[in-house]
Amino acid sequence: MKKTILALLLLTPLCYLLWSVRSANDPIKYIYTFTGTSAITILMLSLAVSPLKKVVNLMRYRKVLGLFAFFYALLHFINFYVLDAQLDFAFVVKETLDKPFVYLGMISFLILLFMALSSTKKLFRKFSSYHKAVYIVLVLVTIHASMAQKVLSSLEYTYIIVTFMLLGYRVYEKNKRRKIIG
Ligand code: HEM
């Protein structure tokens with residue numbers, strides 16, 4: 001499959017959002033849920049590429065997936081800053097400092113922003129080791145998404161299970177590599 005086809009597929013949630021948002025009772029909440037769920041799901045898919053590589057090699061799609069996870073996180077942030085905060089920067093700072101779950105979301109967003117900006121060939125060579133911070137983002141957004149709910153549903157439990165599986169695989173691979181070198 002060409003990367004452009006994958007990119008078009010990853011744009012379908014946005015098309016659906018634009019079409020469905022008009023009938024939402026609370027459009028701001030709807031956009032939060034839609035963009036947040038899309039961002040975390042695509043982020044998890046990008047991290048599942050490595051564990052799946054023995055079954056199917058999708059390594060060449062990892063960067064596109066990562067960039068789209070950032071794209072939906074950016075829409076999520078725009079919803080916060082433009083629609084929810086009405087461009088009031090003081091409100092953004094207050095919400096971020098007052099609500100721990102927003103604080104976690106903001107840290108995650110800034111890390112994703114750094115990763116997206118340093119994903120060009122030239123910059124990636126220099127900053128690739130920092131891209132491991134994606135696992136910090138994974139943990140923070142899982143906590144963020146869970147804290148945003150009054151009661152956890154099967155969706156948040158799924159995020160938590162997937163996060164543990166991805167972290168478990170990462171630790172396993174690291175130990176295996178250490179044993180081979182040592
Ligand atoms: C830019 C910083 C961020 C802010 C200010 C922010 C803000 C919010 C807010 C206010 C909610 C609650 C919405 C509601 O139900 O009323 C929320 C939920 C959520 N956010 Fe974020 N967020 C940020 C970053 C992120 C990032 C980086 C991700 C994922 C990569 C993410 C994923 C989610 C998810 C999955 C939910 C739960 C959606 C639901 O099921 O209702 N957020 N966020």
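Modeller: Start with tyrosine 103, which lies in helix α5. Keep in mind that this model is predicted.

Colleague: Why is tyrosine 103 called partly exposed?

Modeller: Count the other C-beta atoms within 10 Å of tyrosine 103: there are 15. Buried needs 20 or more, and exposed needs 12 or fewer. The count of 15 falls in between, so tyrosine 103 is partly exposed.

Colleague: How far apart are tyrosine 103 and threonine 120 in space?

Modeller: They are 28 Å apart, C-alpha to C-alpha. In sequence, tyrosine 103 and threonine 120 are 17 residues apart.

Colleague: And serine 50? What makes it partly exposed?

Modeller: Serine 50 is found in the loop between α2 and α3. It has 15 other C-beta atoms within 10 Å.

Colleague: How far is serine 50 from arginine 170 in sequence, and how far in space?

Modeller: In sequence, 120 residues separate serine 50 and arginine 170. In space, their C-alpha atoms are 9.0 Å apart.

Colleague: What phi does each have?

Modeller: Glutamine 86 has a positive phi of about 50°, although it is not a glycine. Leucine 87 is not a glycine either, and its phi is positive at about 65°.

Colleague: Step back to the whole protein. How many helices and strands does it have?

Modeller: Eight helices and zero strands. From the N terminus on, the elements run α-α-α-α-α-α-α-α.

Colleague: What makes you call the protein as compact as a globular protein of its length?

Modeller: Its radius of gyration is 17 Å. The globule rule gives 16 Å for 182 residues. The two values are close, so the protein is as compact as a globular protein of that length. Along its principal axes, the C-alpha trace spans about 55 × 35 × 35 Å.

Colleague: What share of the protein is buried?

Modeller: Buried residues make up 23% of the 182 residues. As for contacts with a separation of 6 or more, 65% of them join residues 24 or more positions apart.

Colleague: How are two packed helices described?

Modeller: By the angle between their axes and the distance between the axes. Take α2 (residues 27-48) and α7 (residues 134-147): their axes come within 11 Å and cross at roughly 145°. The crossing of α2 and α7 is left-handed.

Colleague: Which residues meet there?

Modeller: From α2, they are Gly36, Ile40, Leu43 and Leu47. From α7, they are Val134, Val137, Leu138, Val141 and Ala145. By class, this contact has eight nonpolar, one polar and no charged residues. Gly36 is in the contact, and Gly counts as polar.

Colleague: Last, the ligand. Which residues are closest to it?

Modeller: 22 residues surround the ligand, and the closest are Tyr32, Gly36, Gly105, Phe109 and Ala145.

Colleague: Which helices supply the shell, and which gives the most?

Modeller: α2, α3 (62-84), α5 (100-117) and α7 each supply at least two residues. α2 gives the most, with eight residues. By class, the shell has 14 nonpolar, seven polar and one charged residues.

Technical notes. Residues numbered from 1 in each chain as written. Predicted model: local features only at pLDDT ≥ 70, side-chain atom pairs only at ≥ 80, totals over all residues. Helix = DSSP H or I, 4+ residues; strand = E, 2+ residues; numbered from the N terminus. Rg over C-alpha atoms; globule rule 2.2 N^0.38 Å. Contact = placed C-beta atoms within 7 Å. Axes fitted to C-alpha atoms, helices over the stretch in contact; angles between N-to-C directions. Left-handed = near helix turned anticlockwise from the far one by under 90°. Near = placed C-beta within 6 Å.
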